[in-house]
Amino acid sequence: MIRWMIVIFLALLLISWFTPMLRRLGFGRLPGDVRFKAFGRDWNLPFATTIVLSMVASLLSHLL
């Protein structure tokens, strides 16, 4: 259980580091990504970006 929590923490850390670079490449603004403002804060639900990055990760894992 601890191992999975460490993996999830590291994955979230990597995602937060690469988010600015991915935004410059256009990720987070794909059709299917939802952005809205509520409670004085901007919220981003990147559904399409998540699917695209998941497919890329799956392809890389199959190639390696």
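Reply: Thr49 is in contact with Phe27, Gly28, Leu30 and Asp33, leaving aside its neighbours within four places in sequence; contact means heavy atoms within 4.5 Å. This is a predicted model, where local features need pLDDT of at least 70 and side-chain atom pairs count only at 80 or more, while totals for chains, interfaces and linings use all residues. Residues are numbered from 1 along each chain as its sequence is written, and side-chain values use heavy atoms, with hydrogens and water left out.

Me: Where is Thr49 found, and why is Thr49 called buried?

Reply: Thr49 is found in helix α2, a helix being a DSSP run of H or I with at least four residues and a strand a run of E with at least two, numbered from the N terminus. Its relative accessible area is 7%, and buried means under 20%, exposed over 50% and partly exposed in between (1.4 Å probe, protein chains only). Thr49 is therefore buried.

Me: What makes the pair Thr49 and Asp33 a polar contact?

Reply: Their side chains come to 2.6 Å, and a polar contact is a pair of N or O atoms within 3.5 Å (within protein, one must be able to donate a hydrogen and the other to accept it, and residues adjacent in sequence count only if both atoms are side-chain atoms). The side chain of Asp33, a residue of strand β1, also reaches the backbone nitrogen of Phe47 at 3.3 Å. Among the residues that Asp33 touches are Leu45, Pro46 and Ala48.

Me: How do you know that Asp33 has no salt bridge?

Reply: The nearest side chain of opposite charge to buried Asp33 is Arg29, 7.8 Å away. Lys and Arg count as positive and Asp and Glu as negative, with His and the chain ends not counted. A salt bridge needs a side-chain nitrogen of Lys or Arg within 4 Å of a carboxyl oxygen of Asp or Glu, so Asp33 has none.

Me: Why is Met5 called exposed, and why is Ser61 partly exposed?

Reply: Met5, in helix α1, has a relative accessible area of 53%, so the label is exposed. Ser61, in helix α2, has 49%, so this residue is partly exposed. A polar atom of the Ser61 side chain lies 2.8 Å from the backbone oxygen of Ser58.

Me: What is the phi of Phe39?

Reply: Phe39 has a phi near 55°, a positive value in a residue other than glycine. Most residues other than glycine have a negative phi. Phe39 lies in the loop between β1 (33-38) and β2 (41-46) and is exposed, because its relative accessible area is 83%.

Me: What lines the largest pocket?

Reply: Sixteen residues do, of which Ile15, Thr19, Leu22, Thr49 and Leu53 lie nearest its centre. Two or more residues each come from α1 (2-24), β2 and α2 (47-63), and α1 gives the most, with nine. A pocket is an open set of points on a 1 Å grid over the protein atoms alone where a 1.4 Å probe fits, with protein on both sides within 12 Å along at least five of seven lines; lining residues have an atom within 4 Å of a point.
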